Amino acid sequence: MDLKLMLVELRMRLAGKMPGQTTGEKKKKPASYSTKFEEALWEKPMFEELYNGLKAKGDHNAMNVAAEYLNGPDIATARYGKTYKRLLADIEEALNAKKEVTSPTVTFKGFPANMGEMGCKMTLEALGEIAEFECSESEDFPIL
């Protein structure tokens, strides 16, 4: 029996699944999402931060309410609207929060080359003033 347990432990260590063992790999974003909750965890960084805060506190009830709210907001509001009113408001705020820009530099790839440099610049200027603009054509694909 000890030999079997040692083999299981070895396999878990090699797979990087032992408690306290960290792997240098980041989780990969799935091609499609099975639920709205999963989509929000990947696409909404403020919601992910809120959910991880609930997880760190060990508040499993609030975590379940958050998941249920995203998958069925009307039902969750009817069930938990009075008790978890503040949490539901925080979830809505996190879902609607704008992504914060932390760098003055923006890198964009994949603009159609047939529009040209001026077309690319005009399109990006619709988002706001551009201080400096640099454009180069891809050697592999017809994109800027």
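Predicted model: local features only at pLDDT ≥ 70, side-chain atom pairs only at ≥ 80, totals over all residues.

Which residues lie nearest the centre of the largest pocket, and how many residues line that pocket?

Reply: Now to the pocket. Val106, Thr107, Leu124, Glu132 and Phe133 lie nearest the centre of the largest pocket. They belong to a lining of 20 residues. The space inside is about 760 Å³. By class, 12 of the lining residues are nonpolar. Another 4 are polar, and 4 are charged.

Next comes the second largest pocket. Its volume is about 230 Å³. Its lining is made of Lys27, Glu38, Leu41, Trp42, Glu48, Tyr51, Asn52 and Lys55. Two elements each give two or more residues to this lining: helix 2 and helix 3, which covers 45-57. Helix 3 gives the most, with 4 residues. The classes here are 3 nonpolar, 1 polar and 4 charged.

Now for the salt bridges. The whole structure holds 3 of them.

Start with glutamate 43, which pairs with lysine 29. Their closest N and O atoms are 2.7 Å apart. Glutamate 43 sits in helix 2 (residues 36-43), while lysine 29 sits in the loop between helix 1 (2-15) and helix 2, so the bridge ties together parts that are 14 residues apart in sequence. Glutamate 43 has a relative accessibility of 37%, so it counts as partly exposed.

Then take arginine 79 and glutamate 68. They form a salt bridge with the closest N and O atoms 2.4 Å apart. This pair links distant parts of the chain, 11 residues apart. Arginine 79 is in helix 5 (residues 73-80), and glutamate 68 is in helix 4 (residues 60-71). Arginine 79 has a relative accessible area of 53%, so it is exposed. Glutamate 68 has 24%, so it is partly exposed.

That leaves aspartate 90 and arginine 86. Their side chains meet in a salt bridge at 3.1 Å, N to O. Both residues lie in helix 6 (residues 85-96). They are 4 residues apart, about one turn of the helix. Aspartate 90 is partly exposed, because its relative accessibility is 22%. Arginine 86 is exposed, because its relative accessible area is 59%.

Notes: Residues numbered from 1 in each chain as written. Heavy atoms only, no water. Salt bridge = Lys/Arg side-chain N within 4 Å of Asp/Glu carboxyl O. Buried < 20%, exposed > 50% of the residue type's maximum accessible area, 1.4 Å probe, protein only. 1 Å grid on protein atoms, 1.4 Å probe; cavity = no way out; pocket = protein on both sides within 12 Å on 5 of 7 lines; lining within 4 Å. Points joined across faces, edges and corners; volume = space filled by probe spheres on them. Nonpolar A, V, L, I, M, F, W, Y, C, P; charged D, E, K, R; others polar.
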